[in-house]
Amino acid sequence: MMEVETFYLLLHPRPAYLIGSGKVGEKVNFMAASWVSPVSEEPPLVGVAIDVNSYTREFIDTYGEFTVNVLPLQLLEKLYYAGTVSGRSVDKTKVISYRK
């Protein structure tokens with residue numbers, strides 16, 4: 001039987017995306033996610049696995065939309081930051097800039 005840790009390695013590395021949620025001028029948050037998948041071409045839709053208790057989910061429920069962003073390799077540190085710090089306790093927009 002395969003060890004859980006070994007099996008996990010079969011699933012990774014996976015692509016990582018930056019999920020943006022909120023509303024510019026009000027509240028904005030970013031999170032890293034690797035469980036993103038296209039679900040339809042017409043209309044174009046993607047599915048994202050986001051924990052029901054996450055800050056990002058709270059914003060999606062409040063504002064009704066989110067963005068899926070593919071970052072260039074030179075922004076890898078910002079992507080890692082987004083995935084390791086909670087937006088409830090830190091304003092991630094101070095590290096991860098976005099256009100207004």
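Q: In this predicted model, which residue of β2 stands opposite isoleucine 19?
A: That's methionine 31.

Q: What makes β1 and β2 a pair?
A: Two strands pair if there are at least two bridges between them. Strand β1 (residues 17-22) and β2 are joined by 6 bridges, so they count as a pair, and they run antiparallel.

Q: Where do those strands sit in their sheet, and what is the strand order?
A: The order is β2-β1-β5, in an open sheet of 3 strands with antiparallel pairing.

Q: Why are β2 and β5 said to stand at the edges?
A: β2 (28-33) and β5 (66-69) each have a single partner strand, so one side of each has no neighbour in the sheet. As for the twist, it averages 20° from one strand to the next.

Q: Which helices lie across these strands?
A: Helix α2 (residues 55-63) lies across β1, β2 and β5, at about 50° to β1. Helix α3 (residues 76-84) lies across β1 and β2, at about 100° to β2.

Q: How do you know that β3 and β4 pair?
A: The cut-off is at least two bridges, and β3 (residues 36-40) and β4 (residues 45-48) have 4, so they pair, in the antiparallel sense. Serine 40, for one, has leucine 45 in β4 as its bridge partner. The two strands form a hairpin, with 4 residues between them.

Q: Why is phenylalanine 7 called partly exposed?
A: Its relative accessibility is 44%. Buried means under 20% and exposed over 50%, so this value falls in between. Phenylalanine 7 is in helix α1 (residues 4-11), and together with Leu10, Leu11 and Trp35 it forms a nonpolar surface patch of about 420 Å² accessible area.

Definitions and conventions:
Residues are numbered from 1 along each chain as its sequence is written. This is a predicted model: local features need pLDDT of at least 70, side-chain atom pairs count only at pLDDT 80 or more; totals for chains, interfaces and linings use all residues. Side-chain values use heavy atoms; hydrogens and water are left out. Patches are made of residues with over 30% relative accessible area and no salt bridge: like charges are joined within 9 Å, nonpolar side chains (Val, Leu, Ile, Met, Phe, Trp, Tyr) within 5 Å. Accessible areas come from the Shrake-Rupley method with a 1.4 Å probe; for residues, only the protein chains shown count as cover. A salt bridge is a side-chain nitrogen of Lys or Arg within 4 Å of a carboxyl oxygen of Asp or Glu. Buried means under 20% relative accessible area, exposed over 50%, partly exposed in between (1.4 Å probe, protein chains only). Axes are lines fitted to C-alpha atoms, for helices over the stretch in contact, and angles run from 0 to 180 degrees between N-to-C directions. Contact means heavy atoms within 4.5 Å.
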